Amino acid sequence: MTRGLFISFEGIDGAGKSTHIDRVAQLFREAGRAVVLSREPGGTPLSEKLRELVLHEPMDALTEALLMFAARREHLGQVIEPALARGDVVLCDRFTDATFAYQGGGRGFDWQVLVQLERMVQVLPDGALRQPELTIWFDLDPHIAAQRLASARVPDKFESQPADFFAAVRAGYAKRQSEMPGRFARIDAAQSLDAVGADVGRVLSDWMKRTTA
Ligand code: TYD
């Protein structure tokens, strides 16, 4: 049976990851793989309700972090683990790195508390921690992201934050990458759509070669 694969996509709001996730899904489907496309916060009916709350209601920083992890717990149990057990490819638009970047970096919430919550929520029966095997980080200067977002739809609670907030989120992603360099691939999202797409393709094929070697 084919082994399940778990890939996450990260970056500040406006970095442009969504288009590329769809293309990656297409690539895997063309290769004959079953793909589960999902997102965080969200991915199950309950987690989508939690998403509505965290993206639109003002709340205390700990409440926000706990709701992100509560949504993740449901998502893992209902969607991600069963898909990986079937041998599917799980492509997730954001995962725990977003909590470290947004709640840890952006909000300044205690990094070590997030480490504890991660351990509690993502632990597997054998004691290992569930993590994406590959995380594609679309890295972009917050000022460029803000320009891209200016023409987009009505902003949610995070999208309406100032550039300073996103600079701190970006620093959170960089810190997370430095802590777990093995699974992170950073892509320069300031490039054209096609150039970013080509980089995503290269990252994936290099990674597939490494993991199947
Ligand atoms: P996003 O993924 O950008 O979705 P859309 O493309 O529909 O706007 O929105 C999710 C927002 O939630 C984004 O601003 C980042 C934020 N977020 C956190 O703050 N912490 C988390 O743990 C996750 C998963 C997301």
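Trainee: Does Arg94 count as buried or exposed?
Mentor: This is a predicted model, with residues numbered from 1 along each chain as its sequence is written. Local features need pLDDT of at least 70 and side-chain atom pairs 80 or more, totals for chains, interfaces and linings use all residues, and side-chain values use heavy atoms, without hydrogens or water. On a 1.4 Å probe with protein chains only, buried means under 20% relative accessible area, exposed over 50%, and partly exposed in between. Arg94 has 11% relative accessibility, so Arg94 counts as buried.

Trainee: Where does Arg94 lie?
Mentor: Helices (H or I, at least four residues) and strands (E, at least two) are DSSP runs, numbered from the N terminus. By that count, Arg94 lies in the loop between strand 3 (89–93) and helix 4.

Trainee: What is the phi of Arg94?
Mentor: Most residues other than glycine have a negative phi. Arg94 is not a glycine, yet its phi is positive, at about 80°.

Trainee: Does Lys17 count as buried or exposed?
Mentor: Lys17 has its place in helix 1. Its relative accessibility is 9%, so Lys17 counts as buried.

Trainee: In helix 8, which residues are buried?
Mentor: Helix 8 covers residues 193–212. Its buried residues are Val196, Asp199, Val200, Val203, Leu204 and Trp207.

Trainee: Within what arc do those buried residues of helix 8 fall?
Mentor: The arc is taken from the directions of the C-beta atoms as seen from the helix axis. An α-helix has 3.6 residues a turn, so residues three or four places apart point the same way. The buried residues of helix 8 line one face, because their arc is 135°.

Trainee: Which residues are exposed on the other side of helix 8?
Mentor: The buried side was Val196, Trp207 and others among them. Across the helix, the exposed residues are Asp194, Lys209 and Thr212.

Trainee: What do the buried residues of helix 8 pack against?
Mentor: One partner is helix 1, where Lys17 has its place. The partners are strand 1 (5–11), helix 1, strand 4 (134–139) and strand 5 (184–188).

Conventions: Expected span 1.5 Å × (residues − 1). Contact = heavy atoms within 4.5 Å.
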